[in-house]
Amino acid sequence: MEVGQLQRSFLEYIAALFREGFLDGQFSQLQLLQDESNPDFVVEVVSLFFEDSERLLNDLTKALDQQNVDFIKIDAHVHQLKGSSSSIGAQRVKNACITFRNCCDERNIEACLRCLQEVKQEYLLAKTKLEALFRLEQQIVAAGGAIPILDEFS
Amino acid sequence: MGDSEIEICRNIGDQKKQRQDLHVLAVDDSRLDRKLLERLLTVSSYQVTFVDSGDKALEYLGLIDNIDEENQYQTSSSSPKSSLHDKLQVSKINLIMTDYSMPGISGFDLLKKVKDSFWRDIPVVIMSSENLPSRINMCLEGGAEDFLLKPVKLSDLRKLHSHLLNSHCQKQDKDSIKYKENTTLLETRPLPVLSMN
């Protein structure tokens, strides 16, 4: 596929991610921080998000499986996950975390388990879409093109 | 400080050059947020030193002695005054930026300890992902220079820098104080831009 086509596919894909609420303005902020001296900045930061999330989701699963559920610990984990998702602009993951924290406040185990499921689903969706986005970027670069920046205000 | 240096204070175009003299101590337990902050500060031309906890920040500032490891900031001199002075030479911090919620001591605790110490004139900025008015007020009343909501953006740093510069200039105008070395935002030695022909 020629570069122009790849770039258009990329712009359409990322525009959809913003439109559907997967990504918010913070993701654009990350893109602004990427340049020739730091060409992999966004991928690196998002990789940290994947690592953080997988560890926290594991910890949350274990914590909710205990005899005596420690809601304070669970809230702390969800707070961290909310922070990471917010830092990269993963809006739907962040919102799922906000709902989760409300369930923690109510100390309702059933509701928390449902929230955890919701967060896991949103995380997997975000991960799939971001990985697809990065693959498109790689194709553009491999074809000798530059990665276009979406003007989200246009 | 002469009139020409006050002029430079007000010259917004020189802000970038002035930032290159600024050394920030950044405190955050999240690896992701450290990476993000590092990039933001570097792009804004600050020099940054990172620590991942409030305790490590205190250690860096010489406010705790690390008895377990060899403390690189300790000197062989037994005089406390000269030991602090040597610590100053090593650290030379102009600004502290800290996350609020961290395991161990919180950003607020760190703020209080800094304000109770020799470093009390160093501006401390607190960052938090939670928009809680009570928390914000507590930090500002506790002496925080500013409170930034996470995720921190480039525009936040630009505003912060203007704010720091302005409050420094106001202080200059109000009382012609002799500034202690290393507690000023701008070096008292002539800035590079002064030597332009």
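B:Leu25 sits opposite B:Thr49 in E2(B), in a predicted model. Helices (H or I, at least four residues) and strands (E, at least two) are DSSP runs here, numbered from the N terminus, and two strands pair if DSSP finds at least two bridges between them. Strand E1 (residues 23–27) of chain B and strand E2 (residues 47–51) of chain B run parallel, joined by five bridges. Right-handed means that, with the strands pointing away from the viewer, the path from the first strand over the helix to the second runs clockwise.

As for ground rules, the model is predicted, and local features need pLDDT of at least 70, side-chain atom pairs count only at pLDDT 80 or more, and totals for chains, interfaces and linings use all residues. Residues are numbered from 1 along each chain as its sequence is written, chains are lettered from A and ligands numbered from 1 in the order in which they are written, and side-chain values use heavy atoms, with hydrogens and water left out.

Elsewhere in chain B, strand E4 (residues 124–128) is mostly covered, with five of its five residues buried. Buried stands for under 20% relative accessible area, exposed for over 50%, and partly exposed for in between (1.4 Å probe, protein chains only). One side of E4(B) carries B:Val124, B:Ile126 and B:Ser128, the other B:Val125 and B:Met127, and all are buried. E4(B) pairs in the parallel sense with strand E3 (residues 95–99) of chain B over four bridges, and B:Thr98 faces B:Ile126 across that pairing. E3(B), helix H6 (residues 107–115) of chain B and E4(B) form a right-handed β-α-β unit. Four bridges also link E4(B) to strand E5 (residues 146–149) of chain B, again running parallel, with B:Met127 opposite B:Leu148. The chain gets from E4(B) to E5(B) through helix H7 (residues 133–141) of chain B, in a right-handed β-α-β crossover.

Chain A has six helices and zero strands. Its C-alpha trace spans about 55 × 30 × 25 Å along the principal axes, and 48% of its 154 residues count as buried. With contact meaning heavy atoms within 4.5 Å, 67% of the contacts in chain A between residues at least 6 apart in sequence join residues at least 24 apart.

A nonpolar core is a set of buried Ala, Val, Leu, Ile, Met, Phe, Trp, Tyr and Cys residues joined through side-chain atoms within 4.5 Å. The largest one holds 67 residues, of which A:Phe27, A:Ile74, A:Ile88, A:Phe100 and B:Met97 touch the most other members. A second, separate core has 24 residues, including B:Val27 and B:Tyr60. Back in H3(B), which is where B:Arg39 is found, this arginine counts as buried at 7% relative accessibility. Leaving out residues up to four places away in sequence, B:Arg39 touches A:Leu33, A:Asp35, A:Ser37, A:Asn38 and A:Phe41.

Finally, the cysteines. There are zero disulfides (pairs of cysteine sulfur atoms within 2.5 Å) over all chains. The closest cysteine sulfur to that of A:Cys97 is in A:Cys115, and at 9.7 Å that is too far for a bond. A:Cys97 is also buried, at 0% relative accessible area. A:Cys104 is in no disulfide either, with the nearest cysteine sulfur, that of A:Cys112, 4.2 Å away. A:Cys104 is buried too, at 4% relative accessibility.
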